[in-house]
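Take a look at the structure below. Then read on for a short tour.

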Amino acid sequence: MRAFAELLDRLSLTGSRNAKLTLVRDYLAQTPDPDRGWALAALTGDLSFNAAKPAFIRKAVEERMDPTLFRWSYDYVGDLAETVALVWPSRPGANREPELSEVVDALRGASRTEVQRLIEAWLDSLETTGRWALLKLMTGGLRVGVSSRLAKQAAADLGGVQVAEVEEVWHALHPPYEDLFAWLEGRSDRPSANSPGRFRPVMLAQALDEAVDFGKLDPADYAAEWKWDGIRVQAVNEGGLRRLYTRNGDDISRTFPDVLEALEFDGAIDGELLVMRGAVLASFADLQQRLNRKSVDAKLLKNFPAAIRAYDLLSEAGEDTRVLPFAERRVRLEAFVGRLKTSRIDLSPMQPFKTWADLAALRGEPPPGEAQIAEGLMLKRWDSIYEAGRPKGPWFKWKRDPFLIDAVLMYAQRGHGKRSSFYSDYTFGVWTEGEDGARALTPVGKAYFGFTDEELKQIDKFVRDNTVDRYGPVRAVRTDIHHGLVFEVAFEGLQRSTRHKSGVAMRFPRISRIRWDKPSGEADELRSLERMLEQMEGR
Amino acid sequence: MIRPESLLCPKPQGLYCAPGDFFIDPVSPVTRAVITHGHADHARAGHGTVIATPETLAIMAERYGQDFAGSAQPLAYGQSIVRDGVEVSLVPAGHVLGSAQAVVRWKGLTMVVSGDYKRRRDPTCPAFEPVPCDVFISEATFGLPVFRHPDDGHEIARLLRSVAQFPERSHIVGAYALGKAQRVIRLLREAGWDRPIYVHGALERLNRLYEAHGIDLGSLEPATSATKQDFAGAIVIAPPSALADRWSRRFPDPVAAFASGWMQVRARARQRGVELPLVISDHADWDELTATVDEIRPGELWITHGREEALARWAELHGIKARALALVGYDDEAED
């Protein structure tokens, strides 16, 4: 338990992805079975308990100490699990510290009242960090900034294999994953992935480099289709076992009962999860209403009905179709979707073209209708097999050109980790008419990438030299018509927003150029953003 | 029996002894001052006469220059001076080099002003000595039950483990320039770290002063001497403010560590962007505060600064009369 607690402790304060991978990988390498397997399950979200309610923990601690002192402590720390971990008055004669696997085993077999006694005994025998980790585990949700994908990547690193190989077998495995570690450490063969309803690692596309790639590629070798603006999913029904996975293999079946109900087939398809009202495709903002929810209610299902637009066929009636060329898979997919009775699953239509110039024209001026809100185009080699990961060559994504505006730097915030000595997170604004009728800037977005390290140094210096106010880690930068730094900001889309004073919110904003030359008074007006928004909505 | 308030009473400048006409740790210039230790919020420049341990006087001279006071009167641990019937002696407080409790006796009444103190071992200064007294006047910087500092050896081991785990990065340990920095260096030496330790320029003078007082800090090098790649795997000690300063850019992907009792609370670490919090404090934690009061069992407990209300409540619950003085000007945040 101690090693697991220290791992969680470090992870909770570590920002960098590489450092997190090192921490998890080293833990998995140094911790014996079955503890490391339970830890991996806890990190991937495959192990959680609802063994202790906060009310019970609070009661237990108040039986041991003055409730007033406890309340003051809680007020100061602000987090119940952390407060209890810190103040817990251990009774003397505590047992030795439990191992993580002992905790898991005991919780699985214990009744509710037994569980409470066990927790008290464990809290007595653990030190502060151990108590904190135990309480996080008990009350569900570690929240230490580790995604299930990152945890799997760390396991893959341990074995020197690709993360796709771990993902392929993941859903056939069960904690504490002793067979997985035996394979990763070269003590046995790879565990069988042959489990119904499992996730298949997803095939991803390279970004197209027009200048280089078109010279080398023959348009006759490629199929084209729109890149729809939802989230990439995999829908499976095998032997009656229905699952909906994200592209990282996270199981989101529970959040989309409407989609699950529509999976009346035997096989696995790859597609885009979208909100569709009848046959009308809705924007990504609508889909966002459905994402990251623990439960869904009838109203949400009615107002934001989800659907799948199918891209590919991965398996049909027990046959693994991923080894077939795309051309053949596409014919099979069309027949497969054609047989379905539901309106919740449709086909992503192919976009025929002869030359790259044809395709460029299509991308530049999508026809009226739903193509207007596509993210761009996908190119897939007709002969490509479905290969996990992001192989170079078979698939390309060719996103639409981003929208661009010129905005003025208003606030800068210190970064984290490597960037903690730099002002690297920028809030920028555009001109509007202030309350007094004069021109004033209103913030429209925030960006923290898109510039080189050298540019970061220059912007950081500009921020320090032009600070007019400070609020903790944030500096306000001098801005007026004649003075200020203009960024050319690129973004993928606009949404209306009630949370922003300006009334608009950007998707994926980033700094595309730093306009040292441009007077701040010539930056864009809020009006131009509003016009863009109207155009998008009018499509 | 004389009322304790007639011997020592709180004034805006600090605790005042009327019969002896002196202040203890006054926050603004006074004619006569007894100084418990060298931290800037307790030891200020510009007093008429300063009475303190020779170590504390040396620290004040180093920080403020030789003319930091009209005159300096050294009073070694265990010695005492008497003026107008008031006897003052200094007893180790275990906080930093030279730190002392002020023991004030008058007409059979004994009052002890703890200054800042801790109870655990510190390789850079003698340990706190409990003195039986009628009134114990304690600090309470960490006077909440959430502050329970782990063993410092455990914290140093965590630092060394992280250094081994991330050999390509440097570890910058934020540590207060007087006391904490030297204690962390000593603890690293005791844990077997014999490579050079890189230090920020702001620590150099106090490091030399500690070494002159017989505390061996091993091989120290200025943090400017190496190129960026030479700092891979290095341990660097710097004042806490340097962690997020441009100064830290010279190191490869540094791990920000911070040695402080405040690091006990996760939100504090997060707020300061600390990746590796080290709970190493020069103040008594909750268990040390309560154990000290329990051990001394004073007739009355007065609390000078920090989280007075919680310690006062604890004392009342344990049958000791307590009073919060709420003295202002002692900056507990910066000191630890």
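## Ground rules

This is a predicted model, where local features need pLDDT of at least 70, side-chain atom pairs count only at pLDDT 80 or more, and totals for chains, interfaces and linings use all residues. Residues are numbered from 1 along each chain as its sequence is written, while chains are lettered from A and ligands numbered from 1 in the order in which they are written.

Helices (H or I, at least four residues) and strands (E, at least two) are DSSP runs, numbered from the N terminus.

## Helix α5 of chain A

Helix α5(A) spans residues 67-77. Its buried residues are A:Leu69, A:Phe70, A:Ser73 and A:Val77. Buried means 20 or more other C-beta atoms within 10 Å of the residue's own, and exposed means 12 or fewer, with C-beta atoms placed from the backbone. Seen down the axis of α5(A), the buried residues fall within an arc of 100 degrees, so they line one face. That arc is taken from the directions from the helix axis to the C-beta atoms.

On the other side, A:Pro67 and A:Asp75 are exposed. Just after α5(A), A:Gly78 has a positive phi of about 85 degrees.

## The open sheet

Four strands of chain A form an open sheet with mixed pairing, in the order β1-β11-β10-β2. β1 and β2 of chain A stand at the edges, each with a single partner strand, so one side of each lacks a neighbour in the sheet. Strands pair if DSSP finds at least two bridges between them. β10(A) and β11(A) pair in the antiparallel sense over 5 bridges.

## Where the chains touch

26 residues of chain A are in contact with 28 of chain B. Contact means C-beta atoms, placed from the backbone, within 7 Å. α5(A) gives the most to this side of chain A, with 6 residues.

Terms used. Contact = placed C-beta atoms within 7 Å.
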